[in-house]
Amino acid sequence: MGYYIRVLGIYTEAISLAELEAALEEEGLKATVTADQEDDTWSVLDVAASNGTKLAQIEKNFIFKGCLAQMELDEFRVLIREHQPLSAVEWLDHYFDRIKVVYAIRVLDGALVDFNLETVNALKRALWGKSGGLLQNDLEGFSNDEGYHILWQFPDDITGDKYCAVLDNGVWVKFRMDLGDTFQRMAFWAGEVPQMAVRL
């Protein structure tokens, strides 16, 4: 079934298959990327490992009134209001007005074994590098336009470190926090830098 990673871009300049393949090669990764169109006008990409294992499917959807991507963006506006910190919710709500294209990456089960997720992440970075904007992961939340995590949508049992940011007088303050630490969570939810976090 898989879950989704999204690049919510603010630039619509086309990114070709050749550019995506070059991004993989640059990181020493091997995968097959096939498109529904021969040129830069593709709307769907299928990604497979060199052994044929399906890793991901990427859909490109431009934002315009009444389109599926616009409806999804409108759903995000509602959904984020159930999460914290409030300063990030308000920032995202305004930033969504700038979004012009959504790359929805459906991560398949094959990506979760044998380090295949590195291939998916490399493609995500290539798309984000060209389109700018925000990153969103199901069951995690949103990043800002610098890639720092700003909205908490994690499950309660999440652990590990994460590079995050909170707004302080309109400026993003960046830090690394322990997602499993209750006190650090509470500070982040309140829009504050956790006391035990490592400032960057």
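I looked up the largest pocket to begin with, and about 380 Å³ of space lies in it. A pocket here is an open set of points on a 1 Å grid over the protein atoms alone, where a 1.4 Å probe fits, with protein on both sides within 12 Å along at least five of seven lines. The volume is the space filled by probe spheres set on the points, which are joined across faces, edges and corners.

**Ground rules.** This is a predicted model, where local features need pLDDT of at least 70 and side-chain atom pairs count only at pLDDT 80 or more, while totals for chains, interfaces and linings use all residues. Residues are numbered from 1 along each chain as its sequence is written, and side-chain values use heavy atoms, with hydrogens and water left out.

**Lining.** I checked what surrounds the largest pocket: 20 residues line it (an atom within 4 Å of a point). Lys124, Leu135, Asn137, Gly147 and Lys162 lie nearest its centre. Helix 4 gives the most to this lining, five residues. I took helices (H or I, at least four residues) and strands (E, at least two) as DSSP runs, numbered from the N terminus.

Next I traced the strand order: seven strands make an open sheet, 2-3-4-5-1-6-7, with antiparallel pairing. Two strands pair if DSSP finds at least two bridges between them. Strand 2 (31-35) and strand 7 (141-142) are at the edges with a single partner strand each, so one side of each has no neighbour in the sheet.

**Strand 1.** I followed strand 1 (residues 3-9) to strand 5 (residues 101-107) and found seven bridges joining them. Tyr4 sits opposite Arg106, and Gly9 faces Val101. Towards strand 6 there are four bridges, again antiparallel, with Arg6 opposite Gln136.

**Core.** Which residues touch the most other members of the largest nonpolar core? I found Leu20, Trp42, Ile58, Tyr103, Ile105, Val120 and Leu127, out of 26 residues. Such a core is a set of buried Ala, Val, Leu, Ile, Met, Phe, Trp, Tyr and Cys residues joined through side-chain atoms within 4.5 Å. Helix 4 supplies its largest share, five residues. I also noted a second, separate core of 24 residues, including Ile63 and Leu151.

**Ile105.** Last, I listed contacts (heavy atoms within 4.5 Å) of Ile105, leaving out residues up to four places away in sequence. Among them are Tyr3, Ile58, Val120 and Leu127.

Definitions and conventions. Buried means under 20% relative accessible area, exposed over 50%, partly exposed in between (1.4 Å probe, protein chains only).
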